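Reader: Hi, I have a structure to look at. Can you walk me through some of it?
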Amino acid sequence: MSAAADRYGVIGNPVAHSKSPDIHAAFARQTEQALTYERLLAPLDGFASTVRTLIEQGFKGANVTVPFKLEAFALAGMLSERAEAAGAVNTLKFQGGAIVGDNTDGIGLVTDIVVNAGVPMRGKRILLLGAGGAARGVVLPILAHAPEQLVIANRTESKAVELAARFAGKGTVAASDFRSLQCAFDVVINATSASLSADLPPVPPAVFGEGCLAYDMMYGPAPTVFMAFAQQHGAATRDGLGMLVEQAAESFQCWRGMRPDTRTVYAGLRAKL
Ligand code: ATR
């Protein structure tokens, strides 16, 4: 890479597992953009100082991953509407001394479902499982597609109620616990962290309606426990690898003003899982 290449990276702890450097390297090759993209391990108590060092070193931007998305939100001097709504930032752009925060996770999920999987959300019944950081980030992008209804269900129901209330003015959104879910949905999205511990959010099988797509934000070589359960009850399933690639493409667009083609990059990653 020439000396003129712009520098980007992903800040996390841990960060060794991140696939973002491979994804952004592929985007840069495809679009012939001169940039580098590095894994940036920040100390758990040193996120802000890491960002300051990157700015001093001339970095143009960075992605932010676990556990720093809330700190990135607090640090950003300017926020996009979707970052504001998510209460978290996964994309930083360093712009003439200012730190601009964006959140591309939600749009990444919605693009993967609506465009890549070809499953529309307009006029459909959508069920979002979980009410933590991952769920919060996707509510506004889902509501932007005008579903008939979005139901947020969570193990701790009060958190689902709080989350639904935050978005009450933006669309038809309701809250529930898992057990009370009795009707069928067109799309069921698992945004809980249950798959991390091979747990299943205890949803009644009735939630998987005719032709339902069950989506897990987690991904792996094998279907997650949630995907296996949904398959047993007749749903089509998809894991979160496409969301990962699409959120990266949105970050790339935010930094470089152009959107790379994601299909080949997704296929390459899938083959290597
Ligand atoms: P993240 O940033 O990944 O969303 P989080 O903010 O800690 O992480 O939120 C985790 C979410 O997964 C919460 O909705 C949590 O439910 P509670 O609010 O009841 O804790 C949910 N979750 C985690 N483990 C779960 C499990 N085994 N079954 C069901 N829900 C689970």
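Author: First, a term. UniProt positions are given in the numbering used here, and annotations may be inferred rather than shown by experiment. Also, this is a predicted model.

Reader: Okay. Which residue does UniProt list for "active site"?
Author: The UniProt entry, which is unreviewed, lists Lys69.

Reader: Where is the place of Lys69?
Author: Lys69 sits in helix α3, which covers residues 69-75.

Reader: Is Lys69 buried or exposed?
Author: Lys69 is buried. The cut-off is 20 or more other C-beta atoms within 10 Å, and Lys69 has 24.

Reader: What does Lys69 touch, leaving out residues up to four places away in sequence?
Author: Lys69 touches Val64, Ala88, Val89, Asn90 and Gly133.

Reader: How many residues apart in sequence are Lys69 and Asn90?
Author: They are 21 residues apart in sequence. In space, Lys69 and Asn90 are 5.8 Å apart, C-alpha to C-alpha.

Reader: New topic. How many residues does helix α9 have?
Author: Helix α9 has 16, residues 241-256. From first C-alpha to last, α9 reaches 22 Å, close to the 22 Å expected.

Reader: Why is α9 largely enclosed by the rest of the structure?
Author: Because 12 of the 16 residues of α9 are buried.

Reader: Which ones in α9 are buried?
Author: Among them are Gly242, Met243, Leu244, Phe252 and Trp255.

Reader: And what is α9 followed by?
Author: Gly257 follows α9, and the phi of Gly257 is positive, near 75°.

Terms used
Residues numbered from 1 in each chain as written. Predicted model: local features only at pLDDT ≥ 70, side-chain atom pairs only at ≥ 80, totals over all residues. Helix = DSSP H or I, 4+ residues; strand = E, 2+ residues; numbered from the N terminus. Expected span 1.5 Å × (residues − 1). Contact = placed C-beta atoms within 7 Å.
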